[in-house]
Each structure stands twice: as C-alpha cells, then as structure tokens.
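This report concerns ligand surroundings and a pocket in one protein model. Please consult the sequence and structure shown here alongside the text.

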Amino acid sequence: MTEAALKPLGLPKAELEQLFATLGEKPFRARQLMRWLYGRNVLDPVAMTDLSTALRERLAEQADFSLPTIHAHEASADGTRKWRLAAGGGQLIETVFIPEVARGTLCVSSQVGCALDCAFCATGQQGFNRNLGVAEIIGQVLVARRELGLDAEGRSPVTNIVFMGMGEPLANFRPVVQACRVLLDDFGFGLSRRRVTVSTSGIVPQLRRLARETNVALAVSLHAPDDTLRDRLVPINRRYPIAELLDACWEYVELTNTWTVTFEYVLLAGVNDSPGHADALVGLLGGRPAKVNLIPFNPFPGTRFQRSSPEVVDAFRRRLLGAGLRAITRRTRGDDIAAACGQLAGQVENRVLVPLGQKPGQPRCDA
Ligand code: SAH
Ligand code: SF4
C-alpha cells in the first residue's frame, strides 16, 4: 500500500460525502462505506462488494482503516473489561466496557492524558500528551465491538457510549462532535441520543458550542457546591465558575430539548461529603432539570484522598432525595483492574508544562 492519504474512518456522513466528492464519487457511496464499517464491522475495502471495483482498489491503496492495536487486556471479576490501546510513540490510552443487566456501556477516551489537573483523578495527575483523532475515538468502539463479539441475538453488547475515559472531551471538541455524529447516525452506529453521553468538567464556551452541534446526553463533573472548594478540586473552575457553568447547562437543556443534566459528584472523605455540602447542592440544583450521580472516590497510587464511608455516601444521597433532588450512587465497577472512574492512567508522557487553570510557579492543586 502506498502511504495512506485518505482517512475516512470516523468521518460523519456529510464529511465523508465531501471526501468522496473530491474523488469524483457519488454521495451514496459514503453511505455504503459507512454500512460496511459500522453496520457490518468490515474494514477491508476488498470485501465491500457493493462498491465499484475501481473505488475498492483506490480505497485499498490509499485509505487508512487501521484500528488502534491492543497493548494489554484485563477482565475484572465483575465482568468489566479494560483494553490498553497503543496511541503511538509509546503512549497508551484505556477503554473500558461495563456490562450491566439491560445494557453494556463503553467508556471511551478522548485524549492521551488530560491537562485539567483535577486533584482526585489519576488521568489528570499524569498530565497531557495529545488529542485523539476521530478515527482513534471511533476505533475504540470498533475494537471493543470486535473483541466482545455478538450476543445470542446477534447484537453487539455495546449499547451505550460514555466519554468518561481518559481526557476532557470538550478540550478536543471537533473530533468528539464528529464521533457523536457517527454514533447517532443510522448509517453509523444508530444509537439513540440518550445512549451517548459527553462528560465534561465544565469548559463553558465549548459547552455552549456543543449545544449547537449535537444533542447527546450531558454529564457535568461538579464535585463541589461552592467556588472556593471547586477551585481546589477542579481547577478549570477558576476560569469558569459554578454560576457560569450552570447557566450553560440550562442553556444546553433548552437548546437541545434534553430531559436532564447529570451532575457527577465524587465523594471525598472529609472534603465535600458533609450534610452542609448536600444542602448547598440542593440550593444549586433544586427545581432544575438535574440529577446527581454520586461516585464513591476510587483511589489510585499516590493520592491523598480517601473514599467516604458507605454510611456517609448513603446519608448524603438521602439528604438530596429528602429535598426532592434525584440522586443515585454509582456502583463501583472494575476497581480490581483499575478500570473504575478516575483510575485510568494509560501511559502518558506529559507534554504540558503548565496545566490550564494554573499559573506558572503555582503549586499543584489539591484539597
Ligand atoms: N474529563 C471528563 C470525563 C472523564 S472523567 C470529566 O471530568 O467529566 C469521568 C468522571 O470520573 C468524571 O466525573 C470525573 O470527575 C470522575 N473521576 C475522576 N477521578 C475520579 C476518582 N478517582 N474516583 C471517582 N471518580 C473520578
Ligand atoms: Fe481531566 Fe476529567 Fe480527570 Fe479532571 S476528572 S483531570 S477533566 S479527565
């Protein structure tokens, strides 16, 4: 094969049609190709029998359909699976599959590392190397589907996609939006908008843009009910404080006609888990289209935080429920293979000397 000049993998339909137009091909060819890639898991152009011979040959010669290679694979006692995928240059990203009773959720990475430096997150502690391209994001879905095979009814066990792996999706805006389009498109993965979730720590301008580009489910990593505490836990809050973030969330609900925003809240013992914090959270979210997802902190080597006790987690949840806020506690999955929320470290060579939200010379942020 000559050096691959064409990169069709992961392109949304409109962009693939444009690419094909430059090759002198009709738009319906783009839909045919998508059916092969995402509907039938066929990545070899030679096998795409309804494409013209000339197009097949051209794609085989010039297009790159390669998927990320698996560096390591682990399976948890609870059925969770984790793949470490090579992202070039010795960098590794992680993708996690979490089987549940009526669904299977794939947690995908959007960046190699993360520059946002949240105090309680293993990915953040590693620093940032680079953004993933859309082929690498969609590639994670294709690798997981291939590895998991089909269920007894001939369907893939991957029913939901969450951007909750390594990285901040809104800091890698275009590829993430492209990936969302392919996930939702009937010629792509055909998932309903409720089954695709972007989770963000709150880059407000990008969140406002997101509302104009897609309508997937939104999860926001809040973790603290006041700016003083959130500034310490989620440093991007220093640039986009809570009031601005919530305004952007309510705008997202309105513009996308979404039912609710999920607010993630990692419970850290003695830091953000008191009844007063719960009441303050009610003050922020009460009466709004919001639900709270409480996440018991998942420890990782070197962290100074501790998980709140089950009693404290339960009391916190009851206090929210008692005030009329919807709240669930996220069950920890895959922690025996370091696959739980916030434990994904991959292998990242940090290229960012000064993380966002931090001034040169300022100490690392922790609570
Ligand atoms: N960057 C995005 C998405 C990836 S993190 C974001 O921050 O939302 C996915 C979720 O895991 C976020 O809610 C994040 O705050 C949470 N998380 C990070 N570290 C964690 C840890 N050690 N234990 C539990 N949850 C954690
Ligand atoms: Fe980045 Fe999200 Fe981790 Fe914060 S919690 S460092 S935004 S991956």
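The side chain of S199 places an N or O atom 2.7 Å from an oxygen atom of ligand 1. This pair and two others are tabulated below; a polar contact is a pair of N or O atoms within 3.5 Å.

| Residue | Protein atom | Atom of ligand 1 | Distance |
|---|---|---|---|
| S199 | side-chain N or O | oxygen | 2.7 Å |
| F120 | backbone N or O | nitrogen | 2.8 Å |
| H223 | polar side-chain atom | oxygen | 2.6 Å |

The protein covers 96% of the 530 Å² of accessible area that ligand 1 has on its own (Shrake-Rupley method, 1.4 Å probe). The model is predicted: local features need pLDDT of at least 70 and side-chain atom pairs pLDDT 80 or more, whereas totals for chains, interfaces and linings use all residues. Residues are numbered from 1 along each chain as written, chains are lettered from A and ligands numbered from 1 in written order, and side-chain values use heavy atoms, without hydrogens and water.

Ligand 1 has 22 residues around it, with F120, S199, S221, H223 and N298 coming nearest (a heavy atom within 4 Å). Strands β8 (196-200), β10 (261-267) and β11 (290-296) each contribute at least two residues to this shell (DSSP runs of E, at least two residues). The shell comprises 11 nonpolar, nine polar and two charged residues.

Around ligand 2 lie C114, L116, D117, C118, C121, G124, G167, E168 and S201. Four of the residues in this shell are nonpolar, three polar and two charged; Cys counts as nonpolar and Gly as polar.

The second largest pocket has a volume of about 360 Å³. Its lining has 18 residues, and R145, S156, V158, F189 and L191 lie nearest its centre. Helices α2 (27-39) and α5 (134-148) each give two or more residues to that lining. Because domain 1 (13-62) and domain 2 (70-337) both supply lining residues, the second largest pocket lies between them.

Note on methods:
A polar contact is a pair of N or O atoms within 3.5 Å; within protein, one must be able to donate a hydrogen and the other to accept it, and residues adjacent in sequence count only if both atoms are side-chain atoms. Helices (H or I, at least four residues) and strands (E, at least two) are DSSP runs, numbered from the N terminus. On a 1 Å grid over the protein atoms alone, a cavity is a set of points where a 1.4 Å probe fits but cannot get out, and a pocket is an open set with protein on both sides within 12 Å along at least five of seven lines; lining residues have an atom within 4 Å of a point. Grid points are joined across faces, edges and corners, and a volume is the space filled by probe spheres set on the points. Domain bounds come from an automatic or database domain assignment.
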